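Here's a quick briefing on the chain shown below. We'll go from the overall build down to one strand and its partners.

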Amino acid sequence: MAAALALAERGRGRTAPNPNVGCIVVRDGCVVGRGWTQPGGRPHAEAMALAQAGAAARGATAYVTLEPCAHASPRGPACGDLLVTAGVALVVVALADPDPRTDGKGIDRLRAAGIAVRTGVLEQAARRSMAGFLTRQASGRPQVTLKLALSLDGCIATASGESKWITGDVARAHAHLERARHEAILVGRKTLDADAPRLDVRLPGLEARGPRRIVLSHQPRIGWEQIASPAAIGGLEGVDHLLIEGGAGTASAFLAADIVDRLLLYRAPVLIGGGTPALGDIGLGRLADAHDRWRLADARPLGSDRLEVYERVRS
């Protein structure tokens with residue numbers, strides 16, 4: 001299942017409105033098929049893996065990160081039916097599909113055909129992998145990640161506004177990888193006017209995976225998609241992962257609206273003093289309200305800098 005989850009990450013940011021799913025088909029201890037949801041959402045991971053496995057899928061075990069879909073589409077058959085036709089003996093599922101068109105029906109179809117099903121394997125890892133799809137299903141909006149490049153004293157720029165570069169090459173390369181894993185990236189109007197950011201992906205081999213560029217503004221900008229408020233992100237079609245890169249006002253607005261799900265904090269070992277703070281008012285009236293809102297999910301060094309990833313704790 002861990003291998004299937006690794007495959008699923010290849011599709012993150014490219015499969016909306018479908019989830020980024022991974023699938024591994026194993027027979028007699030050997031991998032005979034691998035698949036992940038392809039750009040645009042088709043073919044599905046199971047279809048790709050079963051096509052690769054061919055006749056070797058009969059009697060095999062399929063590991064899939066999300067419950068196989070139960071609804072046929074003009075774009076392809078239901079994956080539950082494909083698994084039945086292929087004759088697999090066991091399907092191991094990480095996570096049930098909340099889409100009402102499936103939502104248990106895929107597993108029921110497999111069991112009705114005599115296929116054994118095991119569920120809940122690496123479920124939390126699968127939730128993290130498909131957080132964009134799951135957020136869209138539950139809340140009608142994309143998963144929102146806020147990225148901040150900070151000094152040790154919490155500044156994103158000097159007092160004069162200079163911000164290039166707070167972090168080093170390794171941290172910036174990681175930030176570009178994160179861009180490649182999101183369908184869209186958003187900045188505020190002041191950041192757009194001051195920096196004219198490209199917001200593309202400048203990593204060898206991933207240049208074509210630049211996200212859609214969106215500005216938070218009441219005034220349209222040529223060449224940019226535009227939304228007027230954080231609440232408008234629900235109307236961004238084909239976007240399940242939204243990355244926010246600046247500036248302080250935009251970051252504060254999304255935090256105040258409580259629609260940030262994930263924080264990427266790149267901390268550089270520098271002190272600025274009297275610089276531009278990363279955040280303004282985010283609507284917390286009491287210190288007690290600031291506690292127990294964020295859970296550390298990952299931390300690692302990136303060259304001389306340090307990355308910390310936090311997830312919003314929600315009931």
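With 315 residues, a compact globule would come out near 20 Å in radius of gyration, and the chain's 21 Å agrees with that (taken over C-alpha atoms; the rule is 2.2 Å times the number of residues to the power 0.38). Keep in mind that this is a predicted model: local features need pLDDT of at least 70, side-chain atom pairs count only at pLDDT 80 or more, and totals for chains, interfaces and linings use all residues. Residues are numbered from 1 along each chain as its sequence is written, and side-chain values use heavy atoms, with hydrogens and water left out.

**Overall build**
- The C-alpha trace spans about 65 × 40 × 40 Å along its principal axes.
- You'll find 9 helices and 15 strands in the chain (DSSP runs, H or I of at least four residues for helices, E of at least two for strands, numbered from the N terminus).
- Buried residues account for 49% of the 315 (buried means under 20% relative accessible area, with a 1.4 Å probe and protein chains only).

**Strand E12 and its partners**
- Strand E12 (residues 262-267) has 5 of its 6 residues buried, so it is largely enclosed by the rest of the structure.
- Strand E6 (residues 143-150) pairs with E12 in the parallel sense over 6 bridges (pairing takes at least two DSSP bridges).
- In that pairing, Thr145 sits opposite Arg262 of E12.
- E12 also pairs with strand E15 (residues 305-312), this time in the antiparallel sense, over 6 bridges.
- Here Tyr266 stands opposite Leu307 in E15.

Conventions:
Buried < 20%, exposed > 50% of the residue type's maximum accessible area, 1.4 Å probe, protein only.
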